[in-house]
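Let's take a friendly walk through a protein model.

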Amino acid sequence: MKVRRQISWIVILILLTLGGITLAQSRSDSTNGGPATQGVGLIRNDPGAYPGYTLLSPLQSTSTFLIDMKGTVVKTWETDSTPASIAYLLESGNLMRAGLAANAPFGRTAGGGGKMQEFSWNGDLVWDFAWGTPTATQHHDFIRLPNGNVLMVVKERKTAAEAIAAGRIPSTVEGTEVQPDSLIEIKPVGKTGGEIVWEWHLWDHLIQDVDKDKANFGDVLAHPERVDINFNVVAGRRANPDWSHFNAVAYNADLDQVVVSLR
């Protein structure tokens, strides 16, 4: 089983690397008037494929591409940063994109970004908003809400002392930290500003059954609305700081509820 997992990761890394090569080659062939043997990002296209367009933001590229079913680039947006994983095409035709901010105060992290940008269909920068602190950064996914605001997935940084005070088993956080997630709703203000109008922090919804002296001590199974701070950690073994790792967020307007995808 371990061998299969290792091979899978190797294949993924190769695909990510070759993706940039294929992208560059396809654009080069198109520019030079020569035939492109493989469209951008296209590996397979058969009659069962759902018709439409695909928005593609290669992880090592500062460009975002809209491609058709043949892998032909029909639209390109040039930006000043590599993506923080996700870009969306809005109903207006504008592109909303999370990007990696230069010298982000939080530092580098998986899927980390630090800025949100909106571009018109013609490529003009409509909104250029940078957000991040040494203890919090936007990462991975976001959504444009019906009210026009942007809901971002945000990773936070908690020290070992803060984690132990919240009931984390001390040996699992010795010499490291814990990085819980949160959600931040930003109301765009002008071309570069934004105001936080709502926020939700996983850290405010913890429970644990290890330390009776902590305020959040309780029966974990009896409180499914809370998160066990010692979930997936083993006493005596230092845990991965990237603990909750939200990957995606969505909003259900009919129920006025937010749903997140995580490990």
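Setting aside its neighbours within four places in sequence, Val227 is in contact with Leu202, His205, Leu206, Ile207 and Trp243. Val227 itself sits in strand β16. Is Val227 buried, exposed or partly exposed? Its relative accessible area is 30%, so Val227 counts as partly exposed.

Before going further, please keep in mind that this is a predicted model. The protein chain has an average pLDDT of 84, and 86% of the residues score at least 70. Where in the chain is confidence lowest, and where is it highest? The lowest mean, 37, belongs to helix α1 (residues 2-31), while strand β15 (residues 206-207) has the highest, at 97. Over residues 1-36, pLDDT stays under 50, and the model has 15 contacts beyond four places in sequence for them. Where pLDDT is low, the predicted coordinates should not be read in detail.

Now for the whole chain. The protein chain contains two helices and 18 strands. Of its 263 residues, 38% are buried. Its accessible surface is about 15,300 Å², and carbon and sulfur atoms account for 55% of that. Among contacts between residues at least 6 apart in sequence, 47% join residues at least 24 apart.

Next, the second largest pocket, which has a volume of about 520 Å³. Its lining includes two or more residues from each of the elements β16 (227-228) and β18 (257-262). In total 23 residues line this pocket, and Phe231, Asn232, Trp243, Ser244 and Arg263 lie nearest its centre. By type, the lining has 12 nonpolar, four polar and seven charged residues.

Asn232 is also worth a look for its backbone: its phi is positive, at about 65°, although it is not a glycine. His140 likewise has a positive phi, near 55°, and is a residue other than glycine. Here are the two residues in a table.

| Residue | Phi | Location | Relative accessible area |
|---|---|---|---|
| Asn232 | about 65° | loop between β16 and β17 (246-252) | 69% |

Exposed means over 50%, so Asn232, at 69%, counts as exposed.

How values were computed
Residues are numbered from 1 along each chain as its sequence is written. This is a predicted model: local features need pLDDT of at least 70, side-chain atom pairs count only at pLDDT 80 or more; totals for chains, interfaces and linings use all residues. Side-chain values use heavy atoms; hydrogens and water are left out. pLDDT is the predictor's confidence in each residue, from 0 to 100. Helices (H or I, at least four residues) and strands (E, at least two) are DSSP runs, numbered from the N terminus. Contact means heavy atoms within 4.5 Å. On a 1 Å grid over the protein atoms alone, a cavity is a set of points where a 1.4 Å probe fits but cannot get out, and a pocket is an open set with protein on both sides within 12 Å along at least five of seven lines; lining residues have an atom within 4 Å of a point. Grid points are joined across faces, edges and corners, and a volume is the space filled by probe spheres set on the points. Ala, Val, Leu, Ile, Met, Phe, Trp, Tyr, Cys and Pro count as nonpolar, Asp, Glu, Lys and Arg as charged, and the others, Gly among them, as polar. Buried means under 20% relative accessible area, exposed over 50%, partly exposed in between (1.4 Å probe, protein chains only). Accessible areas come from the Shrake-Rupley method with a 1.4 Å probe; for residues, only the protein chains shown count as cover.
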